[in-house]
Amino acid sequence: MDRSTLLWKSTLEGLIQIGSVAENSIDRRRSLVYTALVVENLLSAFINSTLPLDLSLEALYGIGMVGKHQMEQVLQVVEEIIVVKLLKVCLEGEFVQADTLISLLQFYSGRIISWLSDAGDVSEVAMQFALHIWNQMENKNILKNIHVMGILDALMMTMKHLVSVSTINHQSVILQKSHEIILKSVSCPTEWFATEWFPTEWFATAFQNPELLMSSPSSSVEDLNLISLFASVITAVSAQTPLPPSNPNSSSNFVSNLFLFFFLRGHMPAAQALASTINKNPTDSKAIESCLSILSEDKTENKQFFKKDIITGFALIGKGLVMRGDDRSKEIIQFLLKLVISSQHGLDAALSAADGFHIIMGDSDGCLNKKFHAVIKPLYKQRLYSTLVPVLLKSMKEANSKEVVCRAFGHVISDAPLTAVIGEAHKILLAVAHSIITLSTDIQNKDVVYSLLLVLSGILMDSTGKESIIENLHIVIGVLTQLVSYPHLMLVRETAIQCITSMSTLPHSKIYPVKPQVLKAVTRALDDKRRAVRQEAVRCRQAWSRGNMHVRRYKLLGRSLKKVWTEMVYGSWAHLFIGFIRTPRVFPGKFV
Amino acid sequence: MTLGLINANPVVHERRERLSRADDPPHYPYPHPHPHSHPDDVLDALDVFDSVRDIRDPEHPYSLEQLSVLSEESITVDEKLGRIQITFTPTVQHCSMATVIGLCLRVKLMQCFPPHFKVDIKVSPGSLANEEAVNKQLNDKERVAAALENPNLRQLVDECLYSSELYSY
């Protein structure tokens, strides 16, 4: 950090401290003076863009943290700037400002709203801003350009945050407004979805013939953008909020039918919203039932169906069901397993299905998490883990494409809670080693390899896990020494060497036979192109060379002195060593 | 036979501030833009200096850096040719610890760098009386190997190298 940045940061820290003292003092005038002098000056500097953006955002957040009142002032100004920039980018076409807008949106939702919701109730403010954004969406010109350069993604995340911190009543208001705009603006016939006699047979046929689905009715870019924004609202509502339409005469399946339609066209936000709805309010939607029954009967021979988007969407729906503890999730899990093990529909479909397991078992920031009010049954991951692992272990030997099965297995193991995995370490250790070896050939698998290596290191750190490692020491060392020269990811090499270093503490009788192999691999790593890997290699080599011996420090035995006298052949070395012995040691009290 | 310390009153300098390398933040799970080349990680003099600066002087509980025996400027590294050249400055003209210090440097560099690197260790010109003889001794592989076979010398070298693990100044 250079001097000026350090100075700036220290000054900011000082101002924040002054602010918190002023805020906490009994005399209200101090707080008013601080607000007038510091807060308002900073806000006007921000509006006039005198500071670079990242610095001014940091300053605003710091000053805002002084108190709720100050943060609300910051919030207001940031909201105004966001709207101004949005209009500039989308209406006037100044796309250079898109990055600024995205940073502002992320700052607003990720930091200000989160801080305020922790500090107290921010629901009213959040709802007003959400409604304000929806009002802008009535303008077709804005809608047309909003997906440019990632603005829509940032806006969707902001909307999710705003909805998630609102109360149920406020969420209903936002839902109502968005529903009105959807009905008014979307070009495809939305009344289709709302009526009770929605043609479920149409859906069943369309499910098997995606061309039919894609051809009619058509949807424009503005439609898709609106659907995405609506999807972000639905993703974040609480389970208790009633979904539109609130009219008791029309079907309550409007939302799920709408999103099912767009999901089958490959629209990912719709899939997320559908999964969230199923997770929170699984109404008996006949359309969904028919889709699931088609899946389980395996009537779909159409290759077009097995596209990545569709499979990923089904994985999301499966996740929603699994988190809830619903039995219908079994059909989706079976579907994914069949794709992975038999890979009859092509390698791409099998790989997408393997990644589907990552979606189901893993945690996501975008949907189906605690922040966005998902319904979560405790220990759902452990249950799914104990169901999936025996099947995957068995199929690793029998499957057509071993790499895909290993990839699925890798995802399941690395996303499962570590305690569950360590408890069964003796069963899965060999499979983990085999998976790492199989997957390390292809660069696409580098993330899975790294996650599996982290699991292996977790097993190593645990005392029961260590025992199973000692039983299979040769195999584990073989895997680790191979990973020391893994070319695709530096972190894998570094972690592998760290694991080897920690294995030097295992019982000497076990590690002694593998020492030459380890030292050879680690010496090669001394030449690695990355510094971190070289440093780890040095540590590892030292640990393995010195072994369990404790360096005897300062043990100057009397008889060794005589030995030195007789070793005059070493000339000058011994000559000075004598001087060394005779001198009193200056190191504080370490005579042994 | 020498009695007493070679240099009873060494001049001790301040430790220079350790520059931490600007490490990349962990890129996982996003792919690194340059998976096969990282120009900042090329071996340079600072790497070599970081590995040797904490070696203890045989006589005093200070590091070689603090006694100004070594500095970053005295190290040259040529990665393509695989050569490291270190020049160190003993604190007094008649220091007979120079050979021990040289031996410690050699052992440390042998441990920290791959075996194909050629390491040349010399005393700085004009800093020692028997400079030529010491230089010859320090760069003679057989004499170094023989010295390291001596368990007492080995122990002395170990103390100089690893006593930094006991203290943290």
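Modeller: Let's begin with a term: a contact means heavy atoms within 4.5 Å. Please keep in mind that this is a predicted model.

Colleague: In what order do the elements of chain B run from the N terminus on?

Modeller: The secondary structure of this chain comes to five helices and three strands. Read from the N terminus on, the elements of chain B run α-β-β-α-β-α-α-α.

Colleague: How far apart are the end C-alpha atoms of residues 47–107 of chain B?

Modeller: That stretch is listed by UniProt, in an unreviewed entry, as "domain: MIP18 family-like". Over residues 47–107 of chain B the chain is 26% helix and 16% strand. The end C-alpha atoms of this stretch are separated by 16 Å.

Colleague: Which residue of S2(B) is the bridge partner of Thr76(B)?

Modeller: Strand S1 (residues 75–78) and strand S2 (residues 83–88) of chain B run antiparallel, joined by four bridges. Four residues lie between the strands of this hairpin, where Gly82(B) takes a positive phi near 75°. As for Thr76(B), its bridge partner in S2(B) is Gln85(B).

Colleague: Over to chain A. Is Lys510(A) buried, partly exposed or exposed?

Modeller: Lys510(A) sits in helix H28, residues 508–511 of chain A. Leaving aside residues up to four places away in sequence, Lys510(A) touches Ile470(A) and Leu473(A). Its C-alpha atom is 9.1 Å from that of Glu471(A), 39 residues apart along the chain. Buried means under 20% relative accessible area and exposed over 50%, so at 42% Lys510(A) is partly exposed.

Colleague: What kind of aromatic pair do Phe261(A) and Phe262(A) form?

Modeller: The structure holds seven aromatic pairs over all chains. For Phe261(A) and Phe262(A), the centres are 5.3 Å apart and the angle between the planes is 85°. Planes over 60 degrees apart count as edge-to-face, so the pair of Phe261(A) and Phe262(A) is edge-to-face.

Colleague: One last thing: at what distance from the ring centre of Tyr61(A) does Arg111(A) lie?

Modeller: A charge sits over a ring only if it is within 6 Å of the ring centre. Arg111(A) lies over the face of Tyr61(A), and its distance from the ring centre is 4.0 Å.

Terms used
Residues are numbered from 1 along each chain as its sequence is written. Chains are lettered from A and ligands numbered from 1 in the order in which they are written. This is a predicted model: local features need pLDDT of at least 70, side-chain atom pairs count only at pLDDT 80 or more; totals for chains, interfaces and linings use all residues. Side-chain values use heavy atoms; hydrogens and water are left out. UniProt positions are given in the numbering used here, feature names are shortened, and annotations may be inferred rather than shown by experiment. Helices (H or I, at least four residues) and strands (E, at least two) are DSSP runs, numbered from the N terminus. Two strands pair if DSSP finds at least two bridges between them. Buried means under 20% relative accessible area, exposed over 50%, partly exposed in between (1.4 Å probe, protein chains only). Rings of Phe, Tyr and Trp (its six-membered ring) pair if their centres lie within 6.5 Å; planes under 30 degrees apart count as stacked, over 60 as edge-to-face and the rest as tilted. A charge sits over a ring if NZ of Lys or CZ of Arg is within 6 Å of the ring centre and within 35 degrees of the ring normal.
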